[in-house]
Amino acid sequence: MTAKENQTPRPDMAQPHRAGDITPFPAGKIIYLSPMPLPTGAAPVDFNQAIGEVNDAYLDLGGSLPTPFTWQFTLGIPFISYLMLAFLVPLIGGGAVGLYGKSFDVFLLVTGRMFNEIFVTMSVICFLYWPWRCL
């Protein structure tokens, strides 16, 4: 058996590159974004914690731990959705039926039944969804 003749060459890190150069290799490609920054004397700041690792050869973007906003967004959207669906939708539905039927008793009846139905359904959905979301 013979090896493939037209394999992609491995990138040479010792070779100087310019911003915009793209070097393909078997598992992907290296894109050179910009040359080394000019020294300014100011301390480097990474507000979004987007830089994972920095050394003399490369800069790894996106390799850091999640920021507080990421956790707030990840946890906040499901909780807010749950609360809105479990509590706000029954009130809106009961209010609409109550206005149409012009009766406070109808409003209470419809709101209570919608709350029971939606609350149980949302609880089951969130219970089944949450463990898989954390993996």
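This is a predicted model: local features need pLDDT of at least 70, side-chain atom pairs count only at pLDDT 80 or more; totals for chains, interfaces and linings use all residues.
Which residue in β2 does T23 stand opposite? T23 stands opposite I30.

Residues are numbered from 1 along each chain as its sequence is written, and side-chain values use heavy atoms, with hydrogens and water left out.

First, the overall layout. The protein has 2 helices and 4 strands, in the order β-β-β-β-α-α along the sequence. Helices here are DSSP runs of H or I with at least four residues, strands are runs of E with at least two, and both are numbered from the N terminus. Of the 135 residues, 10% are buried. Buried means under 20% relative accessible area, exposed means over 50%, and partly exposed lies in between, with a 1.4 Å probe and protein chains only. The accessible surface comes to about 11,800 Å², and carbon and sulfur atoms account for 68% of it. Those areas come from the Shrake-Rupley method with a 1.4 Å probe; for residues, only the protein chains shown count as cover. As for contacts, meaning heavy atoms within 4.5 Å, take those between residues at least 6 apart in sequence: 24% of them join residues at least 24 apart.

Two strands are called paired if DSSP finds at least two bridges between them. Besides the T23 and I30 positions, I22 stands opposite I31.

I22 and I31 also belong to a nonpolar surface patch, together with L33, I51, V54, L59 and L61. The patch has about 670 Å² of accessible area in total. Patch residues have over 30% relative accessible area and no salt bridge; nonpolar side chains (Val, Leu, Ile, Met, Phe, Trp, Tyr) are joined within 5 Å, and like charges within 9 Å. A salt bridge is a side-chain nitrogen of Lys or Arg within 4 Å of a carboxyl oxygen of Asp or Glu. Strands β3 (51–54) and β4 (59–61) each supply at least two residues of the patch, and L61 is in β4.

Next, the aromatic residues. A pair of aromatic rings is described by the distance of the centres and the angle of the planes. Rings of Phe, Tyr and Trp (its six-membered ring) pair if their centres lie within 6.5 Å; planes under 30 degrees apart count as stacked, over 60 as edge-to-face, and the rest as tilted. By this rule there are 6 aromatic pairs. One of them is F115 with F119: the ring centres are 5.2 Å apart and the planes are at 25°, so the pair is stacked. The two residues are about one helical turn apart, because they are separated by 4 residues in helix α2. F115 is partly exposed at 27% relative accessible area, and F119 is partly exposed at 30%.

Is N116 buried, partly exposed or exposed? N116 counts as partly exposed because its relative accessibility is 48%. Its C-alpha atom is 9.9 Å from that of F87, 29 residues away along the chain. T111, also in α2, counts as buried because its relative accessibility is 12%. Leaving out residues up to four places away in sequence, T111 touches P90, L91 and G94.
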